[in-house]
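Thanks for taking a look at this one with me. My notes follow as numbered points, with cut-offs given where a term comes up.

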Amino acid sequence: MLEWRRRREPSTLMLLASPLIAIGLTMLTGMILFTAMGYDGFHAVESIFLTPFLEPQRWGDIGVKGAPLVMIALGLAIGFRANVWNIGAEGQYVMGAIAGTGVALLTYDMTGWWILPAMVLAGILGGMAWAAIPALLRVKLQVSEILTSLMLTYVAVQFLYFLVRGPWKDPGGFNFPQTRMFTSDQTLPTVLEGTLVHLGIPAALVLAVIAWLLMEKTTAGYAIKVVGLAPAAARHGGFSAARTTWATMLISGALAGLAGLFEAAGPFGQLTPQFPVGYGFTAIIVAFLGRLNPLGIVFGGIVLAGTYVGGEIAQSTVRLPQAATGLFQATLLFMLLATDVLVSWRIGWKRRAA
Amino acid sequence: MNQPREQEVPPRLALAHISKSFPGVKANEDISLSVRPGEIHALLGENGAGKSTLVKIIYGVQQADEGTISWNGSPVSILSPKAARKLGIGMVFQHFSLFDAMTVIENIALGLDEAVDREDLKQRVAAILQSYSLPLDPEREVHTLSVGERQRIEIVRCLLQKPKLLIMDEPTSVLTPQEVERLFATLRQIAAEGCSILYISHKLHEIKALCDNATILRGGRVVATCDPKVETTKRMAELMIGAELRKIEHGKAATAGAVRLEVKTLSLPGEPPFGTDLESVSFEARAGEILGIAGVAGNGQAELLTALSGEQFAAGAEAIKLDGKAIGLEGAGARRALGLACVPEERNGHAAVPDFSLAENGVLTARHRLPLAPHGFISRGAVRRFADGVIKLFDVRTTGNAALARSLSGGNLQKFIMGREIGQQPAVLIVSQPTWGVDAGAAAAIRQELVDLAAKGSAVVVISQDLDELLELADRLCVINEGRLSAPRPIASLGIDEIGLMMGGVHGVEAAHA
């Protein structure tokens, strides 16, 4: 008989290997599932998990989709380490984009280098403001931030719909529900000529390094980890749980807002009802795939961005429905949480009781 | 005496040579006792004497390693609480398992092993309440009831099973004196009807008032069996605490120095549901002395420690003074920076982060007084050097500074934690249960460190349930009981019996002429 045995110490090998095992299991499950549904399961998995990485012309696309995922996941992971469960990054992402777009619409007739930085600042503040509400409710009234942050996402999305269909509708847009296109001073510069690769991609990488420094090298990062691991020890060490909740919520809101602004001022160039594509939710998977480690999150962001790109490929190669991408992403999260047990436990043969 | 007739009947419960070990500790060793039908038998002992383990074995929660249990004369093995209830053993735990939002009768129905007809149950409950004249409304919701009333629910639950043996685990620890009187009347009536009662307590006067026989445990062994009605409280206290006390030798006649820590009428509400309110606690600790605070667990020790460490704020800054500076409203970090170090009772999760390495755990409390994290950046080298120093100086047995705190034995982790605080050379060190669960060698080393720290001019406050330890270490001793602290007395002027009486809740009156 097989049995679970608790490891004396968490396995470093499994810490790194369990995400890879989860990816393998997800591929296997997907293959079986889609074969059973009558699709070409093998090629479906190949299109989603391998093709995006094997064809260099797709790499730019992976970068564009990966940058917001990494940025949002960095902030979420910092919160998760402190047991602050911000599930509403999607809402903060949308509010960041709305705030930045607000600046863009106000400065529509102006030119100047300062416009884009002002939009960035507005994006950060917009995300922070939206995250401040769950933080306040948790600290003052002990309301679960899981519920409040999630519910506020839907408020943000409805607010976006209202703006693009009402006050912010492009006057020259043939009544389509969308804002004006941003001017060149309001758009993120591309870093590679002739590609979609915009400034957000190097920004995400720099932010990952900063987040790593914060978590591993500073007292502030130490406080966040202690509050998450042992609240009583945190109090004993003189760290404030309330302050940590505030800080981590605001950081994750700021990064989600920044990602939203970059997306609006980058690939979209305007706001439309199609703007919320679920990056805020997918970033949760990215954070866990990266083991809440900022450098791991870069890896996780690349994998998940690949599934977005691959999902589009699979739509044409094996005619997989678009929903298949979400299904693969969800399976991956499921497998990640399941394989996590390997870090602290190992499987062994049950010895007969003497 | 009228013993011979009763001895013809086999004892209701007889334990023979029961032993039970846990990793690193022998909780019960060769325990034998017997309870006659209708007898109220006291199980007396300090915290950690092995009372809880023994009753868990009787109630089927745990199995003994060795020894036999006989029930009405025939040997039985009790594999689960359900099996125990089937035999006719009922137990009322110290902490109740009741649903606040449900009524009394609903709670009783939920606690029964088999489904019963609701109307029938109501009648049986009503009959029990009447025959024992227990005031309790079966339709009230539990959250509206007092602690005493809640306990009655648990008792009724047991009585429904028509028990032959009722185990009461520290039943009076949460009751008012009036409720205690009421409980005793009920228990006497239950016993008079032939049900035996095993009464677990450390409160001597209660046992004297209620019990027919007493088995006294100390360090997992039976040290005496006596008739509490005849035996003096003083003698029982001695037996419970242990007669073979070490000779106390205090280096110099305590020429205590300046007051380093002053606590003045510190009051703090305890955290519900089981917290204890601190009521107007006052004491001083002087340079060069060790002040001992004795008391049975759950009398406010944890609350006192968090109030002093800064995890909880006092009502005013003046309530706590460190070297003359009012710090009652300072946080834990600020207090530590000023020189007040604390070691709480719980090592994993409070004093240390179990999933952090020893090096990382050094940062937790040492960063305020040592340059481990200048300008908010943790200096890896300094952190490792500090941890290595503590490990070496305090003889922590570990694989190195990268070992996780959780991987260390209790004693080794405690040595590291003590070393971490002492290594900061605090003005005042407050430590709770410094040697709880620590092997004898490590305990001696830790005590030596405390004595040395005081000798260097710090004030040391030791909160402990281990009287031997306090008598060995402390210059002055006070007792905490129900959140109140007695006035400190020089240890030389205190008799062991007097301390025992104070711990058992007998204040002043009897103690004065003991």
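1. A definition to begin with: a nonpolar core is a set of buried Ala, Val, Leu, Ile, Met, Phe, Trp, Tyr and Cys residues joined through C-beta atoms within 7 Å. Buried means that 20 or more other C-beta atoms lie within 10 Å of a residue's own, exposed means 12 or fewer, and partly exposed is in between, with C-beta atoms placed from the backbone. The largest such core has 241 residues, and the members touching the most others are A:Val70, A:Ile72, A:Ala73, A:Leu74, A:Ala287 and B:Val462. In soluble globular proteins, nonpolar side chains tend to be buried together.

2. A word on the source. This is a predicted model, in which local features need pLDDT of at least 70 and side-chain atom pairs count only at pLDDT 80 or more, while totals for chains, interfaces and linings use all residues. Residues are numbered from 1 along each chain as its sequence is written, with chains lettered from A and ligands numbered from 1 in the order in which they are written.

3. What does A:Val70 touch, leaving aside residues up to four places away in sequence? Its partners are A:Ala204, A:Ala208, A:Val286, A:Ile297, A:Val298 and A:Gly301. Contact here means C-beta atoms, placed from the backbone, within 7 Å.

4. Helices (H or I, at least four residues) and strands (E, at least two) are DSSP runs numbered from the N terminus.

5. Chain B has 18 helices and 21 strands. Of its 514 residues, 46% are buried.

6. An open sheet in chain B has 4 strands in the order E12-E11-E14-E15, with antiparallel pairing; two strands pair if DSSP finds at least two bridges between them. Strand E12 (278-286) and strand E15 (325-326) are its edges, each pairing on one side only. Between E11 (residues 259-268) and E14 (residues 320-322) of chain B there are 3 bridges, and B:Glu262 has B:Lys321 in E14(B) as its bridge partner. Helix H10 (residues 301-309) of chain B packs on this sheet, touching E11, E12 and E14, and its direction makes about 60 degrees with that of E12(B). Axes are lines fitted to C-alpha atoms, for helices over the stretch in contact, and angles run from 0 to 180 degrees between N-to-C directions.

7. B:Ser280, in strand E12 of chain B, has a positive phi of about 50 degrees and is exposed, with 12 other C-beta atoms within 10 Å. B:Gln433 has a positive phi of about 45 degrees and sits in the loop between strand E17 (428-432) and helix H15 (440-455) of chain B. Is B:Gln433 buried or exposed? B:Gln433 is buried, with 25 other C-beta atoms within 10 Å.

Note on methods. Two residues are in contact if their C-beta atoms, placed from the backbone, lie within 7 Å.
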